[in-house]
Amino acid sequence: MTRELVYTGFMSLDGVVDSPGGKVEGHRSGGWVMETEFVPEAYSLKGEELADTSALMFGRNSYEAFAPIWRDSEDHAAYKELPKYVVSTTLKEDALIEGWGPITILRSVEDIAELKQGDGGAIFIHGSAELARRLADADLIDRYNLLVFPVLLGAGKSLFSRADRDKQNLRLRESAGYSNGVTKLIYDVVR
């Protein structure tokens with residue numbers, strides 16, 4: 001039995017995941033999540049994921065953005081002691097943030113494939129679009145938990161690769177639409 005690797009995130013209707021929380025992240029239209037009417041039930045997926053999450057995984061950029069904020073955030077307190085994995089070829093051990101539970105640096109896609117073969121539950125990837133694309137191209141993503149926002153951004157980081165590859169089928173596990181136009185889509189990767 002392998003561990004499930006789940007990508008979870010906010011996405012525009014045209015597949016952009018860049019800068020949902022603010023312009024500081026880089027996209028000129030950053031902050032598009034905050035500009036959408038807040039409807040609590042549209043974000044219930046985030047709470048539901050906690051029950052499934054046994055570990056977190058980040059690319060280096062997302063780790064460096066989230067770690068200092070999530071470590072001390074009441075909203076993310078449930079993540080504090082969970083194992084965390086940062087995928088980076090350059091991050092040094094002494095650059096890891098203190099006081100945020102166990103953190104392991106993984107250096108390669110092969111390290112991630114090996115981790116999936118170990119014991120434990122689902123590993124959730126937050127943010128980390130570049131990492132998610134690489135892992136999808138290596139056929140390591142098992143599920144997508146997406147909140148799709150009613151906005152078209154055009155340019156920006158895409159969750160999905162534009163590489164010429166074999167078709168990959170997805171099976172809809174769950175969906176819901178909300179009054180603010182956000183849609184929850186949960187897809188399992190078909191193998």
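Predicted model: local features only at pLDDT ≥ 70, side-chain atom pairs only at ≥ 80, totals over all residues.

Author: Let's start with Val39: once neighbours within four places in sequence are set aside, Val39 is in contact with Ser179 and Asn180, contact here meaning heavy atoms within 4.5 Å. Residues are numbered from 1 along each chain as its sequence is written, and side-chain values use heavy atoms, with hydrogens and water left out.

So where does Val39 sit? Val39 lies in the loop between strand E1 (5–12) and helix H1 (44–52); the labels come from DSSP runs numbered from the N terminus, with helices (H or I) needing at least four residues and strands (E) at least two. Val39 counts as buried, because its relative accessibility is 5%. The cut-offs, using a 1.4 Å probe and protein chains only, are under 20% relative accessible area for buried, over 50% for exposed, and partly exposed in between. For a sense of distance, take Ser108: the C-alpha atoms of Val39 and Ser108 are 39 Å apart, and 69 residues separate the two along the chain.

Next, the backbone. Ser128 has a phi near 55°, which is positive in a residue other than glycine. Ser128 belongs to the loop between strand E5 (122–126) and H4, and it is buried at 7% relative accessibility. Leaving out residues up to four places away in sequence, Ser128 touches Tyr7, Met57, Phe58, Gly59 and Ser62. Glu81 is 47 residues from Ser128 along the chain, and their C-alpha atoms are separated by 20 Å. Asp139 also shows a positive phi in a residue other than glycine, near 60°. Asp139 is in the loop between H4 and E6 and is partly exposed, with 36% relative accessibility.

Now the charged pairs. Side chains of opposite charge can pair when their charged atoms come close. Searching the whole structure turns up 13 salt bridges, each being a side-chain nitrogen of Lys or Arg within 4 Å of a carboxyl oxygen of Asp or Glu.

One of them joins Glu64 and Arg60, at 2.9 Å from N to O. Why would those two be placed for it? Glu64 and Arg60 are four residues apart in helix H2 (residues 60–70), so about one helical turn separates them. Both are partly exposed: Glu64 has a relative accessible area of 38%, and Arg60 comes in at 28%.

Another salt bridge brings together Asp142 and Lys116, at 2.7 Å from N to O. Asp142 is in the loop between helix H4 (129–137) and strand E6 (143–149), while Lys116 is in helix H3 (residues 109–116), so this pair ties together parts that are 26 residues apart in sequence. Both Asp142 and Lys116 are buried.

Arg173 and Asp188 form a salt bridge too, at 2.8 Å from N to O. Since Arg173 lies in strand E7 (residues 170–177) and Asp188 in strand E8 (residues 183–189), the pair ties together parts that are 15 residues apart in sequence. Arg173 is partly exposed at 43% relative accessibility, whereas Asp188 is buried with a relative accessible area of 15%. These two also belong to a network of salt bridges that links Glu4, Asp52, Arg143, Arg173 and Asp188.

Finally, the overall build. The chain has four helices and eight strands, which follow the pattern β-α-β-α-β-β-α-β-α-β-β-β along the sequence. Its C-alpha atoms fill a box of roughly 40 × 40 × 30 Å along the principal axes. The radius of gyration is 16 Å, which agrees with the value near 16 Å for a compact globule of 191 residues; that radius is taken over C-alpha atoms, and the globule rule is 2.2 Å times the number of residues to the power 0.38. Of the 191 residues, 45% count as buried. Among contacts between residues at least 6 apart in sequence, 70% join residues at least 24 apart.
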